[in-house]
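Dear colleague,

Please find below the structure that I am handing over to you. My findings follow directly after it.

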Amino acid sequence: MQKVAIYPGSFDPITNGHIDILKRGLTLFDKIIVAILHNPGKKCLFDIHERVEMLEQSLKDTPQVEIGTFDGLLVDYAKQRNACAILRGMRAVSDFEYEFQLALMNRHLNRKIQTVFLMTSFRWIYISSSIIKEAAQFGGNIENMVPKVVNQKLKEKFGTVD
Ligand code: PNS
């Protein structure tokens, strides 16, 4: 039977750190479903369609990855997609508290689904979608930290197109 994992997040936008975790995850799982949280109550820079499109373009050469969207509880979506695990990336110590809380609540809600943490490459340890957006907003060069399509979209959003 195929081992499927869910890789959830807001992905607003996807960064090279996310892609690094996905690639590491594919050494453990046969298939990974990237699950983008669709929560109209949460303010995102990119709408759900833009986020799906950026993910599709960034991962078009990785057939073992599928892109999906979800609302409601993550464990319910994981069960619906027959996933045995939730994949999360871990950067520095600051990630730990929130990730620990999320993993334990998800375990409480569904004991059959395991959370698997993978360490990102040292190269991406200080990168997050938020800090990328902040740098891009003020014209900072982030081109080596995000897929090409994301760099382009950020420039369009902030009106900093060359
Ligand atoms: O990487 P992010 O943006 O912090 O991802 C957070 C995410 C999407 C994993 C988390 O907010 C989530 O799973 N939301 C869905 C609701 C849910 O199931 N919450 C956890 C148990 S209450």
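Which residues in H2 meet which residues in H6? In this predicted model, Glu-50, Glu-53, Met-54, Gln-57 and Ser-58 of H2 are in contact with Val-149, Val-150, Lys-153 and Lys-157 of H6.

As to the geometry, helix H2 spans residues 48-58 and helix H6 spans residues 148-158. Their axes lie 9 Å apart, and the packing angle is about 150 degrees. Because angles over 145 degrees count as roughly antiparallel, H2 and H6 are roughly antiparallel to each other.

I also examined the aromatic rings. The structure contains three aromatic pairs, and two of them are described here.

One of the pairs is formed by Phe-70 and Tyr-77, which are stacked, with 5.5 Å from centre to centre and 20 degrees between the planes. Phe-70 has 8% relative accessibility and therefore counts as buried. Tyr-77, at 7% relative accessibility, likewise counts as buried.

Another stacked pair consists of Phe-96 and Phe-100, with 5.2 Å between the centres and 25 degrees between the planes. Both residues belong to helix H4 (residues 96-109), where they are four residues apart, about one turn of the helix.

With kind regards

Note on methods: Residues are numbered from 1 along each chain as its sequence is written. This is a predicted model: local features need pLDDT of at least 70, side-chain atom pairs count only at pLDDT 80 or more; totals for chains, interfaces and linings use all residues. Side-chain values use heavy atoms; hydrogens and water are left out. Axes are lines fitted to C-alpha atoms, for helices over the stretch in contact, and angles run from 0 to 180 degrees between N-to-C directions. Helices (H or I, at least four residues) and strands (E, at least two) are DSSP runs, numbered from the N terminus. Angles under 35 degrees count as roughly parallel, over 145 as roughly antiparallel, 65 to 115 as roughly perpendicular and the rest as oblique. Contact means heavy atoms within 4.5 Å. Rings of Phe, Tyr and Trp (its six-membered ring) pair if their centres lie within 6.5 Å; planes under 30 degrees apart count as stacked, over 60 as edge-to-face and the rest as tilted. Buried means under 20% relative accessible area, exposed over 50%, partly exposed in between (1.4 Å probe, protein chains only).
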